[in-house]
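I opened the notebook to look up a few local features. Here is what I went through, entry by entry.

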Amino acid sequence: MGRVLVETLTIPVTLFLGLLFCFPLAFHQPQPHHARIAVAEPAVERKVDTALQREDRGGFDVTAVADAQEARRAVLDRDAVAGFAADGKHAVLYVAKANGSALEQALTKGFTQLAARNHQKLTVTDVAPTVGKDGPGTTLVYFGIAWNVPGYLLATTLLRAVTFTRRRKLITIAGVAGLFSVVGFLVGVGLDLFPDDPMALAIAFLLTTAVATFSLGMAPFVRHFFPLAGLGLYVVLSVPSSGLVPVQLLPRFFQGLHAVMPLGNAVDALRGVMYFDGAGVLRPILVLCAWITAGTALLGLDAWRQHRAAVALGAEDEQEDVPEPPVEDPSVETPTPTALPVRPHHFGELLPMLEGTVRDTEQQPVRQAAVTVMDTGGRQLVRTTTNARGEYAVTGLPEGYISIVASHPGRDPLVHQKLLQSGVAVRADFTLHDRRSRTPVGAGTEHLGPRHARHGS
């Protein structure tokens, strides 16, 4: 019971702790951390740097530029989040609301105090204003989340598409990502939530494709921890570092995440094409492409690994266990009848609800015996075969009475009836008799006649 509790609680407890620490640390009392400031003229830059470091050490990285025009250009080129120029009693602060209104307000407050100490009148100029309905400058983050999380869910559903090859799954991802990007873009433009720039379509497509492809690629390697890996990557780590709070106001850890996570890079690219004339777009696009490449490489590695296993299996001419069950995501899937490999239980794997052995009259294991589980209406729930030790295991069965039929060529089929109850594992062992022998059948079992044998097998 303790082991089952630990395995059951691992994912929710880990996600709880991740959300508990990541979101408050990122969003509570944001402060500037190494925000880049361009200051006109070296003499003014030294004074501004000294004043800012005295007020907030490590909050700003100040660099000197030639004049006020260069300071403004640094903001538009995204080389700095603010530009500052002073001329006698007048000072100008260049900011970009497109970087987030919270950052704009923090910069305005800090430089207003600085100008007041120098007896200067500060003028604030917004060089990259957002559209009217995007006052906080965070709408692109919300659309990014809408293109981000469904990519993970798309990969989850494709894991169940067992009739799809990897190629078909990748084509499906591309098609769905294209659809999501078009619909999201039309909604955003139609509601006047962001500018009408078709380049946003490509970035949205890359984001959904990157998340879905990498999720699909990592699934065979993380297996039953797929929900933890997916939600951890695309919610716990991505959302706090996405730019919902401007990245320059985040602690260094989340700034580092922002530089590598697909959501943060997509938001950066969207801001670049919509408000900064494409400045700073190349790097985030390359990061998104790197996620797609990594996901594709993982799919290729899994294909190579399965090919090697198949070659080894053919060389040995021996199949000890049934194939691995599909990766299940309990966040969206209810248990389904599934055959399990018979082996010592590994942490995080599914536990069998029904298991047993099939032996002959001399108590020798019967290899490749067919074991079929049916409900009370005779509908087949799952079918599997025994391994070299005559063992089988099944999970995901519904509560209530079931019939288990064991059969093997040259032997009389046999059926057991069992009652499954939640939390109780059931065992059904079989002894199959050669069709030439007619040993009486014990209580609780029933030999099947020719008609039932054909139906049960």
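This is a predicted model: local features need pLDDT of at least 70, side-chain atom pairs count only at pLDDT 80 or more; totals for chains, interfaces and linings use all residues.

**Entry 1: N99.** I looked up where N99 sits. I found N99 in the loop between β4 (90-95) and α4 (101-117). Is N99 buried or exposed? The relative accessible area of N99 is 11%. Buried means under 20%, so N99 counts as buried. Next I listed what N99 touches. Leaving out residues up to four places away in sequence, I got V81, P246, R271 and F276. N99 and Q248 are 149 residues apart along the chain, yet I read 9.2 Å between their C-alpha atoms.

**Entry 2: α6 and α7.** I turned to a helix pair. Helix α6 covers residues 166-190 and helix α7 covers residues 199-222. I read a packing angle of about 145° and an axis separation of 8 Å. Which residues make the contact? From α6 I noted ten names: K169, L170, I173, A174, A177, G178, F180, S181, V182 and F185. From α7 come A200, L201, A204, F205, T208, T209, A212, T213 and L216. The crossing of α6 past α7 is right-handed.

Entry 3: I picked out L17, which lies in helix α1 (residues 2-27). L17 has a relative accessible area of 39%, so I logged L17 as partly exposed.

Notes: Residues are numbered from 1 along each chain as its sequence is written. Side-chain values use heavy atoms; hydrogens and water are left out. Helices (H or I, at least four residues) and strands (E, at least two) are DSSP runs, numbered from the N terminus. Buried means under 20% relative accessible area, exposed over 50%, partly exposed in between (1.4 Å probe, protein chains only). Axes are lines fitted to C-alpha atoms, for helices over the stretch in contact, and angles run from 0 to 180 degrees between N-to-C directions. A crossing is left-handed if the near helix is turned anticlockwise from the far one by less than a right angle, and right-handed if clockwise. Contact means heavy atoms within 4.5 Å.
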